[in-house]
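Subject: Structure handover

Hi,

Here is the structure for you to look over. My notes follow below it.

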Amino acid sequence: MLNRRHIRIKVMQTIYAYTGGEGDNFKADQTFLLRSLDNMYNLYLLMLSLLIELQKRSADHLQKTQKKHLATSEDKNPNSKFVNNEVLNQIKDNTLLKQTLEDYKITNWELDNEYVDVIFKELLSSDLYKDYMQTRTSDYKEDKNFLIDIYKEIIAPNDKLYDYLQDQNLTWTDDLPVVNTAILKIIRKLKLKSPEKQLLPELYKDEDDRAFALDLFKKTILNQNKLNEAISEKTKNWDADRIANLDTVLLQMAISELTNFPSIPVKVTINEYLEIAKEYSTPKSSIFINGILDKLVKEYEEADKLNKTGRGLM
């Protein structure tokens, strides 16, 4: 689920918030980094459980409609197509997911069910829902496409839900796009007979990714003085106060990655930090960072300091 760019962003946020020096104990900050990464899985489970709650909310709505004092014939025999959506029921009935939700104590929607109501009301008033409910039966493909559409058009962009998640955990706002993409990808791949574990992907692609997060953090923090010297050497004509603090962090990380991670291509490192700068720093930061890194790479190449292994890594 996690990709390397998101790992870099998490490391960047942790280093940016770090108040110690090169020789200080940063164990608490390292713990924060790992917790921040692990919390992304909680968000994944929370968003997946929202689909289950919408199905439950719909079933409750139908039941109340049938029990109206002056129920019409349509009220007594409501369209249960959404409640019977095969993909929703596949998610709801997944025993492995049920156990995982219990293990992770994902009970937010029981306590804050007004947000389920917000999404459900928006769903009922949408053209997507009205078109889907034109008939009373469907097949697995139609059910899946409908679920994908409501997730993309109604759930993912909902502002109230976004604000709620931000209040629950500040780091979740950065995690949400990755989580939403993961959920949509998994739903698209679901089949009627999919294994239960398909709904529970691994947080890290492999152990190398977790190790990368820790190594990048530690090697940047432990060499801050040396990294800052390299940056200062290339920014002599710049007023230090004009260099954004975040740009300094991104340069520290990029230089650390260039010199300490031989399997990562130079172009990949540079492109990743330029993209992060565009998203998180000032409008001109990516140009500034690119200029500094370009000079350093040429210098390192001439001094044979990059030590990249494998073909095509320069």
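Asn-89 sits in helix α4. Helices here are DSSP runs of H or I with at least four residues, numbered from the N terminus. Asn-89 is buried, at 19% relative accessible area. Buried means under 20%, exposed means over 50%, and partly exposed is in between, with a 1.4 Å probe and protein chains only. Setting aside neighbours within four places in sequence, Asn-89 is in contact with Gln-55, Val-83 and Asn-84. Contact means heavy atoms within 4.5 Å.

This is a predicted model: local features need pLDDT of at least 70, side-chain atom pairs count only at pLDDT 80 or more, and totals for chains, interfaces and linings use all residues. Residues are numbered from 1 along each chain as its sequence is written, and side-chain values use heavy atoms, with hydrogens and water left out.

Next, helix α5, residues 95-103. Its buried residues include Leu-97, Thr-100 and Leu-101. They lie on the same side of α5, because they cover an arc of only 100° around the axis. The arc is taken over the directions from the helix axis to the C-beta atoms. The buried residues of α5 pack against α2 (27-66) and α4 (86-92). At the N-terminal end, Asn-94 caps α5, with a side-chain oxygen 3.1 Å from the backbone nitrogen of Leu-96. Just after α5, Lys-105 has a positive phi of about 55°.

Now a helix pair. How do α9 and α11 pack? Helix α9 (140-155) and helix α11 (172-189) pack at about 170°, with axes 10 Å apart. So α9 is roughly antiparallel to α11, a label for angles over 145 degrees. Axes are lines fitted to C-alpha atoms, for helices over the stretch in contact, and angles run from 0 to 180 degrees between N-to-C directions. The contact residues divide into six nonpolar, one polar and four charged. Among those meeting are Leu-147 and Tyr-151 in α9, and Ile-183 and Leu-184 in α11.

Last, helix α13, residues 224-234. Its buried residues are Gln-224, Leu-227, Ala-230, Ile-231 and Lys-234. They share the same side of α13, because their arc is only 125° around the axis. Their cover includes α1 (4-17), α12 (207-221), α14 (245-260) and α16 (285-302). Exposed Lys-226 and Glu-229 are on the face turned away from that buried side. Lys-226 has a relative accessible area of 60%. Lys-226 and Asp-117 are 54 Å apart, C-alpha to C-alpha, and 109 residues apart in sequence.

Best regards

Notes
Helix = DSSP H or I, 4+ residues; strand = E, 2+ residues; numbered from the N terminus. Polar contact = N/O pair within 3.5 Å; in protein donor to acceptor, adjacent residues only side chain to side chain. Parallel < 35°, antiparallel > 145°, perpendicular 65-115°, else oblique. Nonpolar A, V, L, I, M, F, W, Y, C, P; charged D, E, K, R; others polar.
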